[in-house]
Amino acid sequence: MNDVCEQFYDEKKKSKIKDKSVLVPVQGDMDAIFSELSECKIKPVLLSPVQPYAESYVKSSRHITTVTDFFDKKYLELSYPELLKVCMSIKLDITKENIDQVERDTIKQAKGINFFEHRAGRIGASQSKSACHTNPALPSQSLIKQICYQELAKFSTEATEHGCRHKAFAIRTYEEFMKTHHVNFKVKECGLAINEDMPWLHATTDLFCECDCCDEGVGEVKCPFCLENCDFESYEKKSNTCLTKDIQGCYTLPHDHPYYYQIQQQLFTAKRPFCDFVVCAVGLSQVMPVHQHILPDKPHWDSVVPKLENFWSVCILPEILIRSMVNQKLLLNKSTNSSKSCTSVGQSNPTPQPTNVSQSNPTLQPTSVSQSIPTPQPTSVSQSIPTPQPTSFSQSNPTPEPTSASQSNPTPQRISGNKSSSSSTPDSGNFIFIKTVQNVSPQCNKYAKLGSLRQCECDLIRDRLGWLDCAIIHEAQTLLSQIHKNIKGFQRPTLGAVRQFDVMTGDFIQILHIKNNHWVCMTSIDCAQGYVIFLDSMMSPISQELQELAENLVGGNLKGVRKVNVQQQQNGSDCGVFSIAFATCLAYRNFPLTVPFNISKMRSHLIRCLQSGIMDLFPTI
């Protein structure tokens, strides 16, 4: 072999190439080469920057508008109520052609970037139960991040790696089994499916299946990490199992399991008549699948959709519009500049400025010098000054006294601390700069409506298992506040989470949200001064959280909190309805201690009251 190589080398060395130059191809030659390359079965990367072939390398779905495209910096300047109004006005539309195009382009699912772009901002099937059960007033931040920022929320555990590693083999095992029981059974890959009727929902199934006997369906395959040695009996007894036995001894998926929510969203999004739910156990020498044929559950889906829509509208869409999780620094600066004045104290006079804290908020209030101002305002001496101005003081004055600039000069000025001085431009060495006061945005109205109720919220009230959200509760409180002008309270329930209620000095009624999942009613009506009572349809104990909320409402005058026995709810979702019923009785000076409400008519009565704009006493037995 070595001899052959040396002989070849010697022959090449002896040969002489007379002309080493290569002719430059003309455009026609290049076009012919590119045309031949374009006919290859596998796209050559060489053509990706060449027109007109470059367009074929960009998936058509890249040009389809995504949910995240709604982001706009102009929304960063809005208050939360204003932002919610914008959310209510946004309508998400996508054509059937674009939905089909997205599904074709995402056939490789997580292996393509388009997959995550079109998922972001849409509630996925695997997140359905979490989205239904999170409290919209205090939603799960990790869930919002998982929905809005697909790339940032990626995670990998031993359990997920186990499922990904064995899923392809489990699908093949399922396919082989089904081919022996069905005629012309086929399995196809599938991409991202966007719900045509509700485009803020999406679903990604593991496979599409079809046969001559059962039509077309979807398939969801699970390979539980904790299902060891193909022992389904032991797995069924574990707390994190997804299987239970029915009365016939067959394994089924419980209807309250997250996988059931996931499958129902897949069925109603893909519009398929059934889903094959497969749980595959991978042992050392065998693979054992358990298969269940699941049909669409319309009552379940009808109860879930209003909750999903509400969560998307008040939690997901606001995050999409302002991207608060990635713009935290910008929003923090905006909040700081709009809620308090910027202070700079000279080294020669570290004495802090006097403050006057409004009774409505014992902490985190802007500073104020004049006690004659009834509401928290920027630092100022006289109410007659409409725009706060920067102030400064002479070094010769050990105790600075605030002064203000003339109204006739809107330009911020530095004013001499010597009141008798007529000079408006003092010597630069004769003063120090103490404080700059900036305009502040108006204080939030803690009693105003959050907005008009939507159809999805009315559906929540009608649903006997619907959990009332903050918008419904405060809509009822707004109407209750009109019954008796001497009864105060009825502030936005969301203020309780940050302990920012206005302090009440007389009779008040306030519906509170506690434990992140429960509504109760608190009042001072018919109580001795400093005492409050709370009415709870589940008789919760007086917790530390409840004590803090009472202190925030009553202030330093709180002497005690006590609970009273009232009618109890019969399920886990009527607490909001009962709290409104208790508050209505109190507003009419009818103490609900002995009132037996007709539970079957409470929700329909609440809808009539909200639609008529007048809160009446709830029906009794």
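# Burial, packing and pairing

Me: Which residues of helix α15 (residues 544-554) are buried?

Reply: In α15, Leu-546, Leu-549, Ala-550, Asn-552, Leu-553 and Val-554 are buried. Buried means under 20% relative accessible area, exposed means over 50%, and partly exposed lies in between (1.4 Å probe, protein chains only). This is a predicted model: local features need pLDDT of at least 70, side-chain atom pairs count only at pLDDT 80 or more, and totals for chains, interfaces and linings use all residues. Residues are numbered from 1 along each chain as its sequence is written, and side-chain values use heavy atoms, with hydrogens and water left out.

Me: What covers the buried residues of α15?

Reply: The cover includes β14, β15, β16 and β17. Helices (H or I, at least four residues) and strands (E, at least two) are DSSP runs, numbered from the N terminus.

Me: Why is His-118 called buried?

Reply: His-118 has a relative accessible area of 0%, which is under the limit for buried, so the term applies. His-118 lies in helix α5 (residues 113-119). Leaving out residues up to four places away in sequence, His-118 touches Ser-61, Ile-64, Thr-66, Val-102 and Leu-192, where contact means heavy atoms within 4.5 Å.

Me: What makes α16 roughly perpendicular to α17?

Reply: Helix α16 (residues 575-587) and helix α17 (residues 599-612) pack at an angle of about 80°, with their axes 10 Å apart. Axes are lines fitted to C-alpha atoms, for helices over the stretch in contact, and angles run from 0 to 180 degrees between N-to-C directions. Angles under 35 degrees count as roughly parallel, over 145 as roughly antiparallel, 65 to 115 as roughly perpendicular and the rest as oblique. The helix pair is therefore roughly perpendicular.
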